[in-house]
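This report describes how two chains are arranged and how they meet. Please look at the structure below before reading on.

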There are 2 protein chains.
Amino acid sequence: MMSPSNDSRQDHVPRGRARLSREAVLSAALELLDAEGLEALTMRRLGQELGRDPMSLYRYAENRAALLDGVTELVLSELAIVPDDRVWQEQLRRIAHDLRLLALRHPNVVPLLVTRPLSTPLGLRPLGTLRPLEQILSLLAEAGFGPEDSLHVYRAYYGFLYGHILNELQEFIVDPEENEALLRLGLHRLPAKEFPRLRALAPALADYDGAAELDQGLSILLSGLASRLPPDARKGPAPSRIDSSE
Amino acid sequence: MMSPSNDSRQDHVPRGRARLSREAVLSAALELLDAEGLEALTMRRLGQELGRDPMSLYRYAENRAALLDGVTELVLSELAIVPDDRVWQEQLRRIAHDLRLLALRHPNVVPLLVTRPLSTPLGLRPLGTLRPLEQILSLLAEAGFGPEDSLHVYRAYYGFLYGHILNELQEFIVDPEENEALLRLGLHRLPAKEFPRLRALAPALADYDGAAELDQGLSILLSGLASRLPPDARKGPAPSRIDSSE
DNA sequence: AGCAACGTCCCTACACCGTAGACTTTAGGC
DNA sequence: GCCTAAAGTCTACGGTGTAGGGACGTTGCT
């Protein structure tokens, strides 16, 4: 009479009883973060979630900060930046929308995304968080931008993109169900004579279309960048023959 | 034989021995935050800094989160948004630079600035953090924008602005002294074949001119917004006679 | 088969955190 | 000089991250 829980030698892992791995730890952490927020993501709780002693986690992340870095890396790896044959503006636009959706899927990760790099010099950040930068630089180079112009474009673009995402996430927290009601309720609290415009905007705030707003902003920015920066490469997907060395 | 430390009855406050006040607490908190970062700003430490029992702080902030909110409010109150007689674009530009400088003066507050609102529905945020929004709405209204257009402009503008600030703060942490060296050092760590462009950009990254970068982005964005949105009010400081009620 | 070495994991312990609740001290009005 | 309310304090509790050391299973060598 074998106990039903741990009969197999190393079969189908009774309950998280497989060998841990960095990936397993990180994705459990992400799951917890998505489900219950940053405050819930403690070493002890995560250990419990994995059916392990909290201390075992330190085999896979040097400390909590590193674990959080790992999670942001994991999330960013969901973002595919693959060059295709479209104009650079369209590619950047697509990437922006992808990142926006990613952020909406993992809203609790966004604070980490924008906050962690503030305490780490660029060169020491997890590679996974630098990869998008490199890839966009390469995309722009392929579109004919010089290195420094690429950097300028990247900065304006990513800056706006992150700003938009923060903006959008700030505007609703509440369930889209009772959105209107709660929002109005909140706004109603504001002193009428000090915040007349904000209060008057309640309905407009209530039906915020993030994708459209992002798109418009991008249109302005990208066309502005296109007309300002590149000497010639405004459309074509590259002069095509500059794959220099190797 | 009086002890030299506490001779006066209630004279010149020997050492932080005055009656506390919310303002005193908050500005001590800000000081500590500026000097040693968010991690150092604990209730116990702040109490110690003020020469008081940590528990006394709870008279002036309901809990730590509220205290942090108070600090962001305090910082934002340093930002003066006073309408003047210039074109709206120029006013927004000035405000943007002011906010940028404010952020550079209090870099450790920036994470709070962008992060705290994510967990508070708009209407329940500290009034001090909503005031800039209201004031900018009013500035735009005075420039002839309709309420909804104002909102769109505000979103694009503030989104870009916050994005830029985050970007800029991320690019150097290190002392401007050994900036170059450290930066290169960091970058040198990156695998050469995976990050060729980023590594090549080291010198360009090293002399980043934040103000200029912000200004260019703003030019693009503001002129784009001007040409896209307002039906007529593209320059003039307002039709001038709409101070409706009171 | 036996054994040594090593990586994985758990246990214990410590210093520190936020804060609830009851207490003492202080300041001001009568 | 008392009374009262506010301001400040003390004690204590349950939580946190993580250092150090020991237990254990797995693996590779002989």
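This is a predicted model: local features need pLDDT of at least 70, side-chain atom pairs count only at pLDDT 80 or more; totals for chains, interfaces and linings use all residues.

Which residue of chain B forms a salt bridge with R155(A)? The partner is E213(B), with the closest N and O atoms 3.3 Å apart.

The same surface serves both copies, as 100% of the contact residues of chain B recur in chain A.

## Size of the contact

Chain B contributes 58 residues to the contact, and chain A contributes 58 residues. Between them the chains bury about 5,700 Å², with 66% of this on carbon and sulfur atoms. On the side of chain B, the residues that lose the most area to chain A are L118(B), R155(B) and I220(B), which together make up 13% of what that side buries.

## Polar links and composition

Six salt bridges are found across the interface of chain B and chain A. Residue pairs in polar contact between the two chains number 18, counting pairs with both residues at pLDDT 80 or more.

Several helices of chain B each supply at least two residues of the side that touches chain A, including helix 6 (127–142), helix 8 (179–188) and helix 11 (210–228). Helix 7 of chain B gives the most to that side, with 16 residues. By type, the residues of the side of chain B that touches chain A comprise 33 nonpolar, 14 polar and eleven charged.

Key:
Residues are numbered from 1 along each chain as its sequence is written. Chains are lettered from A and ligands numbered from 1 in the order in which they are written. Side-chain values use heavy atoms; hydrogens and water are left out. Contact means heavy atoms within 4.5 Å. Buried area is the accessible area (1.4 Å probe) that two parts lose on being put together, summed over both. A salt bridge is a side-chain nitrogen of Lys or Arg within 4 Å of a carboxyl oxygen of Asp or Glu. A polar contact is a pair of N or O atoms within 3.5 Å; within protein, one must be able to donate a hydrogen and the other to accept it, and residues adjacent in sequence count only if both atoms are side-chain atoms. Helices (H or I, at least four residues) and strands (E, at least two) are DSSP runs, numbered from the N terminus. Ala, Val, Leu, Ile, Met, Phe, Trp, Tyr, Cys and Pro count as nonpolar, Asp, Glu, Lys and Arg as charged, and the others, Gly among them, as polar.
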